[in-house]
Amino acid sequence: MTTIVLKDVTKSFKDHPIINGVNLTIEGNACTALVGPSGCGKSTLLRLICGLEEPTTGEIYVDGSCVNRLPPVARGIAMVFQSYALYPHMTVFDNMAFALKIAGCSKTDIARRVQHAAKTLKVDHLLDRTPKQLSGGQRQRVAIGRAIVRHPKAFLFDEPLSNLDAALRLQMRYELARLKAELNTTMVYVTHDQGEAMTLADTIVIMREGAIEQQGTPLELYRSPKNLFVASFIGSPTMNFLHAIIVAWQDDQHLNIRLRSGETLVVQVPYEALKWKESLLEEGSELTVGIRPENLTEASSRRKQAGTHLKGRVSLVENLGHEAYVYVSLPVGEHVKVRLTGNCNYAIGRDISLFLRSEDCHIFDSNGEAMRGLKEIPLC
Amino acid sequence: MNSTALVLRRGLRRLAFYCFCVMIASLCLFPFYWAVVSSFKGGTEIFATDLIPRCLTWQNYFTIFQDTTFGYAFVNSVIVSFSTVSIALLVATLASFALARIPFRGRKRVLCAILSVTMFPQVAILSGMFELIRVLDLYNQRSALILSYMTMTVPFTTWTLTSFMREVPKELEEAAIIDGAGSFTILTKIFFPIVSPALVTTGLLAFIAAWNEFLFALTFTLTDKARTVPVAIAMLSGASQHELPWGNIMAASVLVTLPLVALVMIFQRRIISGLTAGAIKG
Amino acid sequence: MQQHSSLSKTAWLFMTPCLLVLFVVAAWPLLRTFMLSLTNARLEDITHAQWIGSANFRDLFVDAEWWGAVTNTLLFAAFSVPCEAILGLMIALVLHKTFKGRGLLRAAVLVPWAIPTIVSARMWGWMLHDVYGIINELLVRLGAIAAPLPWTASPTLSFVTIVLVDVWKTTPFMALLLLAGLQALPQDCFEAALVDGVSRKRIFFRITMPLLRPTLIIALIFRTLDALRVFDLVYILSSGDSNTETMSIYARRHFVDYANVGYGSAAAVCLFFVVALVTVFYINMGRRNILGDA
């Protein structure tokens, strides 16, 4: 049970800041995913944790003790590289045994630990091969095996699946999930693929420009993104955003807003909690309404539903068979994506009426900050 | 009609291309071929200019080995070249690892200094080196040559190996650091095996350079016992300047060149990669 | 920070042997040569010499033979290097194509480079022998020349011979450098141009040459510096002939044959500065090119 704590960590390369003051607690026996667009500093953060880089300021604690001055090996942390970084001149066995040999383990101990790790990863029949003779998936397993044999306090993964093709990536994702359950240690996982993070991680940390935007469980991030950036990063296809303005406060819980297309809707917003940024809550202030593609439905012509309807025209259909992503252009120049299941026969150019419920709407103020989460509201 | 003309034209162009290739190859190889042919001609036969010799004789080869001069020179060349290459590689491997993989202050300056040493003319250090050799009492000894050959081989091998070492992916080094390896272990257990083909290449190039060196060998040796092959060949002479023993010279030339030509044929690709590794990124 | 300083300590530790060797065999001798050039040192007893200031250089600059050597060296470089560049480029272009026997041709091209300079000088010396040389014989038989030519004896002709042999010996090096440069060029550029219907000639002058320029400049630097310090080829092909004497030979002649270490060192120092000057010139040219392209 190893906790990793980062306290006010910054890192700059030649006056070029990469990490701008990160405070983060990585819980033990859980998988934490660091996600963000490329260049957001997530890999640098990982390298700071394992000791390949030193923080410019701030401290890193592993199990309560500061490891800033410790070399990587003394931190007891193992890392799996994106390119696997297998030693090309060594056999699989030697690759996995290298760290143990350096640590001075006995031969029998090394053999036992390597065998055990190889069995766990189902590469025990490949021990005599060299990395060149392995497939991508096998290399990946060996790279993980090299980390496992050391019995580290924590595993760090730097985009471990990005070098695999799509089919293999799904399989390895499943394997990693299994491994995670089996090993039951602290894992930190860097990826730019939100889907990977959603399926593997217990906690997701979203980063942008060297700072943490939001940290939480996958569902928390999905339901209550703190701001527009997180909202647009989590979920696939990405959330739709519509412009709106405040019409009036109905009471201290309900807000009347009007979309650009003219429709009005009443959304639940706790006024008291937001009182401090009063200026953004005045009548006429701009808002952004976020609605996920899966929360939009085609309005039934037969029965009248209570809620807001958006009228538009189908501009593009991505048909996946079991479902379709329909791109709808609204008359005011905005576009929305809709995820529709069932009969997916939508002709391009056809008029369509979409139905949205106000409780599914994410509301962001003009600074892009969320005004409420969806957590409080029961999902159907 | 049109298509046959096209085919004909293409064929002609191809023929011209192959003729050009054959021309290049024969221009490159003919002098060596002629040396081989001449070396097998005895007596006055050598003055005949037939492209294919009528009768072959080993006489020239016997002659150069009857005299101990050439044998000594050959042994000297082998010893000097091998020692030079081993020392240079040892020193250069250590240095190039640091230069290629460890970021430290002054790295660029050290690289510049090393490159400039490969470029300056050997004559410029001739008198300083001569004095050094005299002071160390190495004059007319093989060690004098090994010492002076360091001037060219050490900077060259360091420079070339540095560019080879740079190509090793950074992740391998980092994986080793995480596995707990120190700098020396990383060098010996990870880098050394990975760049060993490059070591062979670089060593080969350094060997050829040492084997062919002339100025230092000429200046720092005096007697047959210390001379290397190039000097021995330069010194082979007959009764007068105009009566050089061409048959013997050609036989010696062939013997000296044969190992190099063999190396070139076997390690063709590697030599090219080595020649260019140092230069392209310079 | 602690890790960092210990890493740089390791780096210097690793470099110590190399730097030590370079100091002993390069920096120190060079420094001593500079110092000796200001003395009247004799070969018999170098260490006991008297300081005579710039007298050696004053003598050197009024010596017609020295200026002859300077001219010879510069002419040699000016003739041989461009020839090698053009021929090298041609061979590189041939080797850049894929055809049957390319490996063989590449190996053949490497042979002149591998042959020791001394040996190639001897081989050509024999082939160009004025009486028995095969080249004279062939040329006469073909009717190209009326009578055998004294290739290594006549002053102008022996200069031509030296350039010729040097071109033969070092063009392969040039060709291989340029070939590597060609192979490193982005292939899609050429494919795009071909698809766009650009003629091959245009592709060569508008795409290949500009892209190859950095490699060409590096190859030219290497070769020019080599040509300026040329010694063994000239020494063998025309030893003792002041008409073709180069700076290296001049310096060594005074140093060894006349035992005048001080004077020989002065000549060597001058050669050193010429080489340094050319290097600076080329580097500046390269920089301007880079700026121009950007």
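Predicted model: local features only at pLDDT ≥ 70, side-chain atom pairs only at ≥ 80, totals over all residues.
Me: How many of the residues of chain B count as buried, and what share of its contacts links residues 24 or more positions apart?
Reply: With the cut-off for burial set at 20 or more other C-beta atoms within 10 Å, 51% of the 282 residues of chain B count as buried. Among the contacts in chain B with a separation of 6 or more, 77% are between residues 24 or more positions apart.

Me: Why is strand β9 of chain A called largely enclosed?
Reply: A residue is buried if 20 or more other C-beta atoms lie within 10 Å of its own, and five of the six residues of β9(A), which covers residues 203–208, are buried, so the strand is largely enclosed by the rest of the structure. Strand β3 (residues 31–35) of chain A runs parallel to β9(A) and is joined to it by four bridges, with A33(A) opposite I204(A). Strand β10 (residues 211–216) of chain A runs antiparallel to β9(A) and is joined to it by five bridges, with V205(A) opposite Q215(A). In the hairpin of β9(A) and β10(A), two residues lie between the strands, and E209(A) takes a positive phi near 45°.

Me: How do you know that both faces of strand β7 of chain A are covered?
Reply: A154(A), L156(A) and D158(A) on one side are all buried, as are F155(A) and F157(A) on the other; because five of the five residues of β7(A) (residues 154–158) are buried, the strand is largely enclosed by the rest of the structure. Strand β6 (residues 77–80) of chain A pairs with β7(A) in the parallel sense over four bridges, with A78(A) opposite F155(A), while strand β8 (residues 186–191) of chain A is joined to β7(A) by five bridges, also in the parallel sense, and V190(A) is the bridge partner of D158(A).

Me: What is in contact between domain 1 and domain 2 of chain A?
Reply: Taking contact as C-beta atoms within 7 Å, four residues of domain 1 of chain A touch four residues of domain 2 of chain A. On the domain 1 side these are three nonpolar, one polar and no charged residues. The centres of the two domains, taken over C-alpha atoms, are separated by 39 Å.

Me: Which element gives the largest share of the side of chain C that touches chain B?
Reply: Between the two chains, 75 residues of chain C are in contact with 73 residues of chain B, and helix α1 (residues 2–36) of chain C supplies the largest share of the chain C side, 19 residues. By class, that side has 56 nonpolar, 12 polar and seven charged residues.

Note on methods:
Residues numbered from 1 in each chain as written. Chains lettered and ligands numbered in written order. Nonpolar A, V, L, I, M, F, W, Y, C, P; charged D, E, K, R; others polar. Buried ≥ 20, exposed ≤ 12 C-beta atoms within 10 Å, placed from the backbone. Domains from an automatic or database assignment. Pairing = 2+ DSSP bridges.
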